Amino acid sequence: MPKPKVFVTRIIPDKGLDLVKDFCDADIWPGELPPSRADMLERGRGVEGVLCLLTDKIDGELLDAAGPQLKVISNQAVGYDNIVVPDATVRGIPVGNTPGILTDATADFAFALMMAAGRRIVEGERYVRAGLWKTWSPSLLLGADFSGATLGLVGFGRIGQAMAKRAQGFDLRVRYYDPGQPPIPELNASPAESLEMLLRESDFVSLHVPLTAQTRHMINAETLAQMKPSAVLINTARGPVVDQRALYAALKAHQLFAAALDVTDPEPLPADHPLLELDNCLIVPHIASASRITRDKMAQMAAENLIAGLKGERLPNCVNPEVYGGV
Ligand code: DGY
């Protein structure tokens with residue numbers, strides 16, 4: 001029996017790629033950069049499955065170009081704002097993602113960003129490399145205190161909760177804003193009544209919400225003005241959750257102490273972007289989940305979702321279970 005044809009939009013770790021190659025006739029995009037839209041439309045034509053990344057836009061046009069034999073879309077990411085899920089759902093196509101396995105890696109990294117921006121680690125490193133280090137100084141590169149400070153989590157799902165767990169070891173008081181999410185007693189985090197209250201009280205604000213119409217520009221000029229001038233903003237969620245123009249203005253005016261961004265809008269951030277001129281803005285290239293084991297597991301989970309869809313089985317991790325009816 002011929003193997004099902006699939007398009008894999010990038011070279012993913014072997015843990016996943018080997019599974020895909022064993023089960024499928026796989027067309028694997030060899031480039032370091034994502035396929036263009038034209039390449040996506042062309043290479044997706046006639047396939048039964050697509051394994052894609054968060055850099056690939058999947059919408060009705062692409063699904064129609066692929067054809068009616070398309071059985072599954074598997075995204076190697078927990079976030080799936082690159083996919084117009086309703087377009088897949090109306091076509092009866094299940095969409096898979098990779099939840100859970102990147103929780104610890106992402107929370108570790110968000111915590112690292114919080115420490116780095118709060119304690120000005122990257123600025124310090126640049127200072128040394130620039131040959132500016134002349135003596136020990138009582139007021140050189142003073143940063144934020146952690147013990148006893150308040151960490152405000154916007155979103156208290158898996159990653160937000162993992163942040164709360166880490167915060168305990170640093171004696172941080174933890175508050176969160178996530179309407180409808182009950183407190184978890186062992187995490188010692190209390191819910192804030194409103195985003196405004198959370199922002200007003202927090203010394204560190206870390207974002208852990210998916211990108212949706214409701215969360216786009218949730219952090220904007222108005223909400224930034226509610227934050228303490230000494231506060232640090234950390235974004236490992238999605239770039240457009242923050243209005244970057246407003247963030248630039250707040251950081252430049254020292255209306256906010258610092259920001260640390262793993263995600264930006266757009267990605268990649270152009271090298272001449274104004275945020276990159278600011279010493280109090282730390283920016284890294286969307287690498288919060290980039291630990292070896294995590295990326296292996298993500299690739300494996302994405303491959304398992306793909307293969308389940310090709311077999312006509314329920315995806316182990318499906319974001320639109322409505323396609324199965326009744327659920
Ligand atoms: C995800 O999986 O959504 C992450 O952003 C990847 O790092």
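Modeller: His 254 is found in the loop between helix 10 (244–252) and strand 11. Keep in mind that this is a predicted model.

Biologist: Why is His 254 called exposed?

Modeller: The relative accessibility of His 254 is 57%. Exposed means over 50%, so His 254 at 57% counts as exposed.

Biologist: What is the phi of His 254?

Modeller: The phi of His 254 is positive, about 55 degrees, although His 254 is not a glycine. Arg 120, in the loop between helix 5 and helix 6 (121–129), is also not a glycine and has a positive phi, near 60 degrees.

Biologist: Why is Arg 120 called partly exposed?

Modeller: Its relative accessible area is 22%. Buried means under 20% and exposed means over 50%, with partly exposed in between. Arg 120 is therefore partly exposed at 22%.

Biologist: Why is Phe 23 called partly exposed?

Modeller: Phe 23, a residue of helix 1, has a relative accessible area of 27%. That value lies between the cut-offs of 20% and 50%, so Phe 23 is partly exposed.

Biologist: Which residues does Phe 23 touch, apart from those up to four places away in sequence?

Modeller: Phe 23 touches Lys 3, Pro 4, Ile 307, Leu 310 and Lys 311. Phe 23 and Ile 307 are 284 residues apart in sequence, yet their C-alpha atoms are 7.3 Å apart in space.

Biologist: Why does Thr 9 count as buried?

Modeller: Thr 9 lies in the loop between strand 1 (5–8) and helix 1 (14–23). Its relative accessibility is 0%, and buried means under 20%. Thr 9 is therefore buried.

Biologist: What makes the pair Thr 9 and Asp 56 a polar contact?

Modeller: The two side chains make this contact at 2.6 Å. The cut-off for a pair of N or O atoms is 3.5 Å, so 2.6 Å is within it. Leaving aside neighbours within four places in sequence, Thr 9 is in contact with Asp 56 and others, including Trp 29, Pro 35 and Cys 52.

Biologist: How do you know that Ser 74 is buried?

Modeller: Ser 74 is in strand 4 (residues 72–75). Its relative accessibility is 0%, and the cut-off for buried is under 20%, so Ser 74 counts as buried. Not counting residues up to four places away in sequence, Ser 74 touches Val 50, Leu 51, Cys 52, Gly 96, Ala 302, Asn 305 and Leu 306.

Biologist: Which residues of the largest nonpolar core touch the most other members?

Modeller: They are Met 114, Leu 153, Phe 156, Leu 172 and Phe 204, in a core of 35 residues. Among the elements that each supply at least two residues are helix 5 (103–118), strand 6 (150–154) and helix 7 (158–168). Helix 5 gives the largest share, eight residues. Beyond residues up to four places away in sequence, Met 114 touches Phe 146, Leu 151, Leu 172, Phe 204 and Ile 234. A second, separate core has 29 residues, including Leu 198 and Leu 278.

Biologist: What do the buried residues of helix 7 pack against?

Modeller: They pack against helix 5, strand 6, strand 7 and strand 9 (204–207). Ile 159, Met 163 and Arg 166 are among these buried residues.

Biologist: Which residues surround the ligand?

Modeller: The ligand is surrounded by Leu 54, Ala 77, Val 78, Gly 79, Leu 102, Arg 238, His 286, Ser 289 and Met 298. This shell divides into five nonpolar, three polar and one charged.

Biologist: Where is Pro 266?

Modeller: Pro 266 is in the loop between strand 11 and strand 12 (281–283). A cis peptide bond, with omega about 10 degrees, joins Asp 265 and Pro 266. Another cis peptide bond joins Glu 267 and Pro 268, with omega about -5 degrees.

How values were computed
Residues are numbered from 1 along each chain as its sequence is written. This is a predicted model: local features need pLDDT of at least 70, side-chain atom pairs count only at pLDDT 80 or more; totals for chains, interfaces and linings use all residues. Side-chain values use heavy atoms; hydrogens and water are left out. A nonpolar core is a set of buried Ala, Val, Leu, Ile, Met, Phe, Trp, Tyr and Cys residues joined through side-chain atoms within 4.5 Å. Buried means under 20% relative accessible area, exposed over 50%, partly exposed in between (1.4 Å probe, protein chains only). Helices (H or I, at least four residues) and strands (E, at least two) are DSSP runs, numbered from the N terminus. Contact means heavy atoms within 4.5 Å. A residue is near a molecule or strand if one of its heavy atoms lies within 4 Å of it. Ala, Val, Leu, Ile, Met, Phe, Trp, Tyr, Cys and Pro count as nonpolar, Asp, Glu, Lys and Arg as charged, and the others, Gly among them, as polar. A polar contact is a pair of N or O atoms within 3.5 Å; within protein, one must be able to donate a hydrogen and the other to accept it, and residues adjacent in sequence count only if both atoms are side-chain atoms.
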